[in-house]
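Open your viewer and get ready to click through a few selections. We will go stop by stop, and each stop tells you what to select and what is there.

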Amino acid sequence: MADPDPFADYVKQTFEGINGSDTFVALVTKNWFEDWRCWAQLGLAVLLDKPIYLLIEERTAIPENLKRLARRTEDFRAADDVGLAAKRLLRVPDA
């Protein structure tokens, strides 16, 4: 029996969700850059040609290539701000 490959298993599990989505929205924090699962999600979104939107925690350094890749970005300051930042990012009118 082959050793389990957590990366391959995660990609298989994640592919269906990203493939079935119209867009890819990432909540980018300093910790996001330390988690290989986030990298896998972003890579799948790129390979599946999904529009990429980034919600970026204030004072988080973003590589220039990632900024160019994103269709839009929006900053947020704290967890309480994420909902409003997401509405601005996706231009969702108030209900």
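Start by selecting Ser-21 and Lys-50: the backbone oxygen of Ser-21 lies 2.6 Å from a polar atom of the Lys-50 side chain. Before moving on, note that this is a predicted model, in which local features need pLDDT of at least 70, side-chain atom pairs count only at pLDDT 80 or more, and totals for chains, interfaces and linings use all residues. Residues are numbered from 1 along each chain as its sequence is written, and side-chain values use heavy atoms, with hydrogens and water left out.

**Stop 1: around Lys-50**

Stay with Lys-50, in the loop between helix H2 (36-47) and strand E2 (52-57). Helices (H or I, at least four residues) and strands (E, at least two) are DSSP runs, numbered from the N terminus. Which side chain of opposite charge is nearest to Lys-50? Select Asp-22, 5.8 Å away. Lys-50 is buried yet has no salt bridge. Buried means under 20% relative accessible area, exposed over 50%, and partly exposed in between (1.4 Å probe, protein chains only). A salt bridge needs a side-chain nitrogen of Lys or Arg within 4 Å of a carboxyl oxygen of Asp or Glu.

Now show the contacts of Lys-50 (heavy atoms within 4.5 Å). Leaving aside neighbours within four places in sequence, they include Ile-18, Asn-19 and Phe-24.

**Stop 2: aromatic rings**

The structure holds two aromatic pairs. Rings of Phe, Tyr and Trp (its six-membered ring) pair if their centres lie within 6.5 Å; planes under 30 degrees apart count as stacked, over 60 as edge-to-face and the rest as tilted. Select Tyr-10 and Trp-36: their ring centres are 5.5 Å apart and their planes are at 80°, so this pair is edge-to-face. Tyr-10 lies in helix H1 (residues 6-19) and Trp-36 in H2, so the pair ties together parts that are 26 residues apart in sequence. Tyr-10 is buried, at 17% relative accessible area, while Trp-36 is partly exposed at 33%.

Next, select Trp-32 and Phe-33, an edge-to-face pair with 5.1 Å from centre to centre and 90° between the planes. Trp-32 is buried, at 6%.

**Stop 3: the nonpolar cores**

A nonpolar core is a set of buried Ala, Val, Leu, Ile, Met, Phe, Trp, Tyr and Cys residues joined through side-chain atoms within 4.5 Å. Select Phe-24, Val-28, Trp-32 and Leu-54: of the 15 residues in the largest core, these touch the most other members. The largest share of this core, four residues, comes from H2. Apart from it lies another core of six residues, including Tyr-53 and Phe-76.

Definitions and conventions
Lys, Arg positive; Asp, Glu negative; His and termini not counted. Polar contact = N/O pair within 3.5 Å; in protein donor to acceptor, adjacent residues only side chain to side chain.
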